[in-house]
Amino acid sequence: MATECSFSDCFIDEDPQKALEALNEALQGDSDNAEWFCQRAYAHTLLKNYSSAVDDAKKAQQLQPSLPLAFMRTGIAEYHLNHHESAHTAFTQGHQLDVSDKSFEIWIKRCEEIMGEQTRIGSSNRTPAAPPVKHDWYQTESQVIVTVMAKNVPKDGVCVNFTEKELSTTIQLASGDNFSLHLHLQHPIIPEQSNFKVLTTKVEFKMKKTDAIRWEKLEGEGQESNIKHFNPNQYPTSSHYAGKWDKMVVDLNEEEKNEKLEGDAALNKLFQQIYCDGSDEVKRAMNKSFMESGGTVLSTNWKDVGKRKVEMNPPDDVEFKKY
């Protein structure tokens, strides 16, 4: 049992909960006893109340800064909380107070091994630097197109501002980083007729020219004497080579056509393609069936829907209501 002024480790080992209750009562009458705070920290540690153990051990340090046991209790509790740097600091301070206690050296070595392993793992898992984001440009008779080579950009991850002679944009990359681009254009554009599009492999900005002239470069000040009428067989790019722009446009259109969509987007694209490629009868059938059925039927058979009113036909699990 505990004496009036002492709570031994053996007493606490025998019944940590009972010892804790006794120490609580004792500290109510003597709240400045550093050794009792150390022993209550030990009881908390055995009961796995590690945060409470840290609080009591640090209280003991404040009451008696030269007490090595207070630093031992602090270090052990911090260690169990996986605060290995804090534990290492406490053990080091305690060892300086009592160099003869080899327990401090054992705990210090254990903390250093764990911290070294954590550093090694952190270094091996460090994410490599993302490759730089590239951009390029080309032009048609009526537009200047700037392409930013960024994959898997969120549909709402682009903020853009068009002015008469500037393009400013911030793009949220798939990595979570932001890419900013600011261009001072060589010639003016029409901001209201300029737009952008997010594709799976890039973000494309289309700027409407005010005049059908060929831009010698994307940025800078245009010289009146150097302005040339647009020649579709020659165009400048940031790659400094010339070629046929119409082939590039065809290639880009083909890429957009082959872009893989999912869900409703894929279905809508299919309907759009059927409508664009269909005959006049197909288009009439699609329009009539969609309008008369309230959007529940879409038919391409004019011979069928052309001679009757198309009734509403919602899915089985949907109830159609008029408002």
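Two strands pair if DSSP finds at least two bridges between them. With that in hand, welcome to a quick tour of this predicted model, in which a hairpin joins β3 to β4 through two residues.

**Confidence**

- Averaged over the chain, the pLDDT is 84, and 80% of the residues reach 70 or more.
- Residues 235–242 are a stretch to treat with care, as their pLDDT is below 50. In the model this stretch still has 24 contacts beyond near neighbours in sequence.
- Where pLDDT is low, the predicted coordinates should not be read in detail.

**Helices α3 and α5**

- Helix α3 spans residues 34–46 and helix α5 spans residues 68–80; their axes lie 9 Å apart, at an angle of about 20°.
- Angles under 35 degrees count as roughly parallel, and α3 and α5 are therefore roughly parallel to each other.
- The crossing of α3 past α5 is left-handed.
- On the α3 side, the contact is made by Cys 38, Gln 39, Ala 41, Tyr 42 and Thr 45. On the α5 side, Leu 69, Ala 70, Arg 73, Ile 76, Ala 77 and His 80 take part.

**Helices α2 and α3**

- Helix α2 (residues 16–29) also packs with α3: the two axes come within 9 Å and cross at roughly 150°.
- Angles over 145 degrees count as roughly antiparallel, and α2 and α3 are therefore roughly antiparallel to each other.
- This crossing of α2 and α3 is left-handed.
- From α2, the residues involved are Pro 16, Leu 20, Leu 23, Asn 24, Ala 26 and Leu 27. They meet Trp 36, Phe 37, Gln 39, Arg 40, Ala 43, His 44 and Leu 46 of α3.
- The contact of α2 with α3 divides into nine nonpolar residues, three polar and one charged.

**The four-strand sheet**

- Four strands form an open sheet in the order β1-β2-β7-β6, and their pairing is antiparallel.
- β1 (134–139) and β6 (189–198) each have a single partner strand and stand at the edges, so one side of each is left without a neighbour in the sheet.
- On average, neighbouring strands here are turned by 15° against each other, with direction ignored.
- Six bridges link β6 to strand β7 (residues 203–209) in the antiparallel sense, and the two strands form a hairpin with four residues between them.
- Along this pair, Phe 196 has Phe 205 in β7 as its bridge partner, while Ile 190 stands opposite Lys 208 in β7.

**The three-strand sheet**

- A second open sheet has three strands in the order β3-β4-β5, with antiparallel pairing.
- β3 and β5 (178–184) are its edge strands, each pairing on one side only.
- Neighbouring strands of this sheet are turned by 5° against each other on average, direction ignored.
- Strand β3 (residues 158–163) and strand β4 (residues 166–172) run antiparallel and are joined by six bridges.
- Within this pair, Val 158 has Ile 171 in β4 as its bridge partner, and Phe 162 stands opposite Leu 167 in β4.

Technical notes: Residues are numbered from 1 along each chain as its sequence is written. This is a predicted model: local features need pLDDT of at least 70, side-chain atom pairs count only at pLDDT 80 or more; totals for chains, interfaces and linings use all residues. Side-chain values use heavy atoms; hydrogens and water are left out. pLDDT is the predictor's confidence in each residue, from 0 to 100. Contact means heavy atoms within 4.5 Å. Axes are lines fitted to C-alpha atoms, for helices over the stretch in contact, and angles run from 0 to 180 degrees between N-to-C directions. Angles under 35 degrees count as roughly parallel, over 145 as roughly antiparallel, 65 to 115 as roughly perpendicular and the rest as oblique. A crossing is left-handed if the near helix is turned anticlockwise from the far one by less than a right angle, and right-handed if clockwise. Ala, Val, Leu, Ile, Met, Phe, Trp, Tyr, Cys and Pro count as nonpolar, Asp, Glu, Lys and Arg as charged, and the others, Gly among them, as polar.
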